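Colleague: Hi! Could you walk me through this one while I have it open?

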Amino acid sequence: MRILSPTGIVGYGFPEASFQAGVALKPDLIACDAGSTDPGPYYLGSGIPFTNATAVKRDMTLMLKAACELNIPLVIGSCGGAGADVHLAREVNILKEIAKEQSLSFKLAVISAEFDQEILVEHLNAGHIEKLGPAPEITEEAIRSSTHIVAQMGIEPIIQALDDGAQVILCGRCYDPAPFAAPAIRLGYDKALALHLGKILECATICATPGSGADCIMGYLGEDYFCVEPLNPERKCTPLSVSAHTLYEKSNPYILPGPGGHLDLYDCTFTADTDRRVRVAGTRFIEEAVPSVKLEGARRAGYRSISICGNRDPIFISQVDAILEDLKRQTAANLSADFDYELDFIVYGKNGVMGQLEPNTQISSHEIGIIIDCVADTQEHSAAVCSVARSTLLHYGYPGRIATAGNLAFPFSPSDIEVGAAYVFSVYGLLRSENPVSLFARTYETIGEA
Amino acid sequence: MQLRLKDIASVIRSKNAGPYELTLDVLLQSDEMFEKVRAADVINKGSVAKLYGVPEEEILSIVYFPNARAVKITMVRPIPSGAMGERDVYGAQQHAPLVGFTFELD
């Protein structure tokens with residue numbers, strides 16, 4: 001079975017020549033991932049996709065046209081990035097627009113991954129939900145305060161949609177390998193190999209050298225092995241590049257947990273088939289006693305305002321920690337706020353990148369950059385805190401001060417920016433269910449004349 | 001012989017492993033150096049905790065992966081990704097203390 005992965009995320013783009021080289025090899029499936037929690041909680045919480053609609057339409061047009069011409073399935077996971085219903089809806093609209101413009105017809109399945117709060121509270125009370133790793137305990141309050149909660153679907157809902165005759169499947173939040181593996185497992189291919197292949201293909205050519213998250217790769221799935229080979233002649237896969245990719249973004253390279261169980265790579269082999277094609281074998285899949293899916297939720301923490309400024313005074317820089325600590329106290333005194341807020345300072349040139357993990361305590365920077373960061377219950381309140389902190393810092397009198405006209409260099413006027421709502425992750429854990437298909441609502445629609 | 005990690009590694013990188021963990025990958029330049037580093041156990045929970053100034057319990061695992069000549073370190077993220085006080089949402093610039101890590105190796 002041949003599986004074409006066009007790009008790491010729908011909307012990240014890919015060279016058309018690579019894609020057409022893949023299409024010429026007559027794939028049996030085009031599949032693509034579209035999501036991640038990496039860009040942070042904002043996108044899930046706010047319902048705004050982290051990919052650009054114009055870029056998504058370009059990528060999806062090429063994939064949809066090819067899938068219709070070859071009469072093969074197209075499966076896209078984690079639509080719109082975070083994969084809640086609002087993200088999924090944008091991608092469904094883009095897909096329908098393309099189908100209309102290109103006069104394409106097919107049966108569409110849309111699989112939701114968003115969860116109703118009441119249903120999750122019932123699962124929580126029934127003991128079906130547990131937190132994951134260092135994440136906080138999941139409480140009823142955490143569920144009820146979330147703006148969106150999704151679960152990563154596994155292969156089962158996708159297989160069901162294919163059984164129901166769908167050719168194009170748009171999924172909400174989805175285990176990244178599932179769109180690649182589900183159609184293969186449905187045809188009887190080994191689950192462990194199909195999922196492991198999906199795990200590599202979902203990042204497109206990141207497993208190649210030179211690596212890229214925006215170029216096409218073909219996966220070849222056999223009875224007891226799979227191969228991967230990039231479609232751009234300028235890239236190649238080597239046993240080292242492919243096995244190194246197994247490490248990427250994972251806690252443990254041997255044990256890769258997912259819905260329903262984990263991949264076990266302890267006896268996995270990576271060998272060179274050619275100088276640019278790698279063969280993988282020996283992967284195992286260990287089933288869980290009760291299947292689980294991963295839950296992700298986000299809630300609004302408040303509203304953010306920031307001010308960006310710099311300082312070039314050696315006397316100020318030598319005291320910056322003490323000044324900023326005291327600034328928090330002075331801001332509170334100058335504001336008398338009757339609302340809750342958080343005030344933080346990011347100091348570039350000191351520990352602006354690593355914060356509390358920064359091992360260097362001595363700095364030699366001749367200048368520093370400061371971001372005043374405030375989150376409060378309303379936009380107006382955070383703007384007020386940011387404004388008072390900024391003006392207090394501008395004229396702050398510190399010991400030995402000789403530059404008495406102002407402590408800050410502002411690159412912009414206005415100096416303060418109202419950023420809008422700020423979100424945090426609120427739910428991160430597992431939901432156990434004997435029937436993973438029933439957790440994810442599917443809707444079908446015939447598009448075009450079919 | 002005193003060695004610096006950046007002189008024997010081909011890749012030293014950091015990235016989120018989900019919103020609550022940070023994972024650091026070190027890929028050694030040769031199989032020989034990989035075996036030496038593994039045998040000497042210079043990259044351990046204690047040495048990594050010291051490099052990052054965190055308690056040893058925060059270092060969740062250190063796993064050797066010979067296929068990729070890699071050592072993988074996973075630690076608790078100081079704060080969840082994107083929470084107040086965040087400095088690096090993707091966790092992609094937290095590798096520097098390892099770059100300068102120096103140790104004795106026979």
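This is a predicted model: local features need pLDDT of at least 70, side-chain atom pairs count only at pLDDT 80 or more; totals for chains, interfaces and linings use all residues.

Colleague: Which residue stands opposite A:Gly261 in β14(A)?

Modeller: That's A:Glu287.

Colleague: And what order do the strands of that sheet have?

Modeller: The order is β10-β11-β14 in chain A, an open sheet of 3 strands with antiparallel pairing. β10 (255-258) and β14 (284-287) of chain A are the edge strands, each pairing on one side only. On average, neighbouring strands are turned by 25° against each other, direction ignored.

Colleague: Nice. Which strands does α9(A) touch when it packs on the sheet?

Modeller: α9(A) touches β10, β11 and β14 of chain A. The direction of α9(A) makes about 110° with that of β14(A).

Colleague: Staying with that helix, how do α8 and α9 of chain A cross?

Modeller: Helix α8 (residues 178-186) and helix α9 (residues 191-201), both of chain A, have axes that come within 7 Å and cross at roughly 150°. Angles over 145 degrees count as roughly antiparallel, so that is how α8(A) and α9(A) are described relative to each other. The crossing in which α8(A) passes α9(A) is right-handed.

Colleague: Which residues make the contact?

Modeller: From α8(A) you have A:Ala178, A:Phe180, A:Ala181, A:Ala184 and A:Ile185. α9(A) brings A:Lys191, A:Ala194, A:Leu195, A:Leu197, A:Gly198 and A:Leu201. By class, this contact has 9 nonpolar, 1 polar and 1 charged residues.

Colleague: Changing topic: how many residues of chain B are in contact with chain A?

Modeller: 37 residues of chain B are in contact with 37 residues of chain A. On the chain B side, the elements giving two or more residues are β2 (9-16), β3 (21-28), α3 (45-52), β4 (59-65) and β5 (70-76).

Colleague: And what's the class make-up of that side of chain B?

Modeller: The side of chain B that touches chain A has 19 nonpolar, 12 polar and 6 charged residues.

Colleague: Last one, what are the domains of chain A?

Modeller: The domain assignment gives domain 1 (2-113 + 152-291 + 433-447) and domain 2 (300-425). Their C-alpha centres lie 43 Å apart.

Colleague: How many residues does each domain give to the contact?

Modeller: Domain 1 of chain A gives 4 residues and domain 2 of chain A gives 5. On the domain 1 side, those divide into 2 nonpolar, 2 polar and no charged.

Conventions: Residues are numbered from 1 along each chain as its sequence is written. Chains are lettered from A and ligands numbered from 1 in the order in which they are written. Axes are lines fitted to C-alpha atoms, for helices over the stretch in contact, and angles run from 0 to 180 degrees between N-to-C directions. Helices (H or I, at least four residues) and strands (E, at least two) are DSSP runs, numbered from the N terminus. Angles under 35 degrees count as roughly parallel, over 145 as roughly antiparallel, 65 to 115 as roughly perpendicular and the rest as oblique. A crossing is left-handed if the near helix is turned anticlockwise from the far one by less than a right angle, and right-handed if clockwise. Two residues are in contact if their C-beta atoms, placed from the backbone, lie within 7 Å. Ala, Val, Leu, Ile, Met, Phe, Trp, Tyr, Cys and Pro count as nonpolar, Asp, Glu, Lys and Arg as charged, and the others, Gly among them, as polar. Two strands pair if DSSP finds at least two bridges between them. Domain bounds come from an automatic or database domain assignment.
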